[in-house]
Amino acid sequence: MILRKNYSPLLGVLLAGCMLLMMMNPASSLDAALRGLSVWWDVLFPSLFPFFVISEMMLGFGVVHLFGALLDPLMRPLFNIPGSGGFVAAMGYVSGYPVGARLTAKLREQGLLSRVEGERLVAFTTSSDPIFLLGAVSVGFFHDASLGLILALAHYGGGLIVGLLMSFHGRPKNSPSGPPQSVPHIVPQLPKGAEGAGRLRLALRSMAEARQRDGRGVGELLKGAIQSSLQLIIVVGGLVVFFNVLMELMDRAGIMSALFSFTGGLLSLAGFPAELSTALVSGLFEVTLGTRSAGAAAAPVPLEFKVAAAAWVLSWGGLSVHAQVASILNGTGLRYLPFLAARLVHAFLSAGLVLLLWKPIAGSGLDHSSATAAAGFSAAPLSGFAASLSWLGLLLGTALLLALLVMLLHRIPRPGRRQ
């Protein structure tokens, strides 16, 4: 509260400065707003809105509770979160930011997650969607589909590592053993030897109970899903437009040039190409601008450093995405600072993984462009949506198989263990 009071005058001055700059540069501000609106309408609305509606419907039908019970044996020991986090992770990785934050907030509102569990979950489920990563970044900005594999490994692999690290978040205050008190009706303890069919019966019963608790008809459920999704997508669009205008005003005021020079000096001191400062500073605010700048960096910059810069930007997410996530988490009790720390760790992990994997993968001489093409990542919204649904099914199927494997391993008799 004290910090908010201290920052309020400074925030007021900054907003007044932005208003003055808008009055001095009305044409540039309008062009920037139109660019942000175009990005929202042409890219974000068709790619995010269907997933918002689908996720809301799945919550109402109890599908999330079904996967929560099935995936609990996998998600609890690995990430210290309930099994419903597996569904959130799959949706977040397939549809991109901020769908993971949205689903986490909904689970938190329904009492299916504790505060610490929600902070763990949103920290590693906020990521870029594969359509943007493989199609727009690899093919569109770098003009090289073979880079999609190393970008995907670095970005999503780094996210999973962040999830493993975040499993230790809050452990001194929350015991890692056993299910939390907030979700005893979702994943109760099964008797020994009943993990197989008993787990499936438990999942189906959890789904039926969740549907009964919701109680809304299909029409009413669809109407509510569309209304809440429209509210969220409008907030996302407003933030995208705001940050586009803000970056234009900062550029007009010379602030961006100063940031470019300062960041370039830091990169030179660290032994990295100073030409990447434009990509990193632009990506600090907005993902698309940062990754496009990384692909268009000066020719003398080695390609591996350009790709590492793009991976950093994709994993950081940009302040525009941070603002979207903060607005979603507002009122849920989930804190923003753990998310901020996780984004920083994810960004540097992804960049490091690119440099670490560059010679084994990109330098192997193999052509990985066929994997990107086979995935169906094209610019057409319909084919992109179909590819996302295919990846969602693949991720959930893989997670279910891993959960089944974990249950089978638990049933294998161990030497010295009494049966």
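Residues are numbered from 1 along each chain as its sequence is written. In this predicted model, local features need pLDDT of at least 70, side-chain atom pairs count only at pLDDT 80 or more, and totals for chains, interfaces and linings use all residues, while side-chain values use heavy atoms, without hydrogens and water.

**View 1. Packing of helix H13 (residues 287-295) with helix H14 (residues 303-316).** The axes, lines fitted to C-alpha atoms over the stretch in contact, lie 8 Å apart at an angle of about 175°. H13 is therefore roughly antiparallel to H14 (an angle over 145 degrees on a scale from 0 to 180 between N-to-C directions). Val287, Gly290, Thr291 and Ala294 of H13 meet Lys306, Ala309, Ala310, Val313 and Leu314 of H14, with contact meaning heavy atoms within 4.5 Å.

**View 2. Helix H15 (residues 318-329) and its buried residues.** H15 has 12 residues and spans 17 Å from its first C-alpha to its last, close to the 16 Å expected at 1.5 Å a residue. Nine of the 12 residues are buried (under 20% relative accessible area, 1.4 Å probe, protein chains only), among them Val321, His322, Val325 and Leu329. Gly331, with a positive phi near 90°, follows H15.

**View 3. Crossing of H15 with helix H16 (residues 336-361).** The axes come within 11 Å and cross at roughly 150°, which means that H15 is roughly antiparallel to H16. His322, Val325 and Ala326 of H15 make the contact with Tyr336, Phe339, Leu340 and Arg343 of H16.

Notes: Helices (H or I, at least four residues) and strands (E, at least two) are DSSP runs, numbered from the N terminus. Angles under 35 degrees count as roughly parallel, over 145 as roughly antiparallel, 65 to 115 as roughly perpendicular and the rest as oblique. The expected span of a helix is 1.5 Å times one less than its number of residues. Buried means under 20% relative accessible area, exposed over 50%, partly exposed in between (1.4 Å probe, protein chains only).
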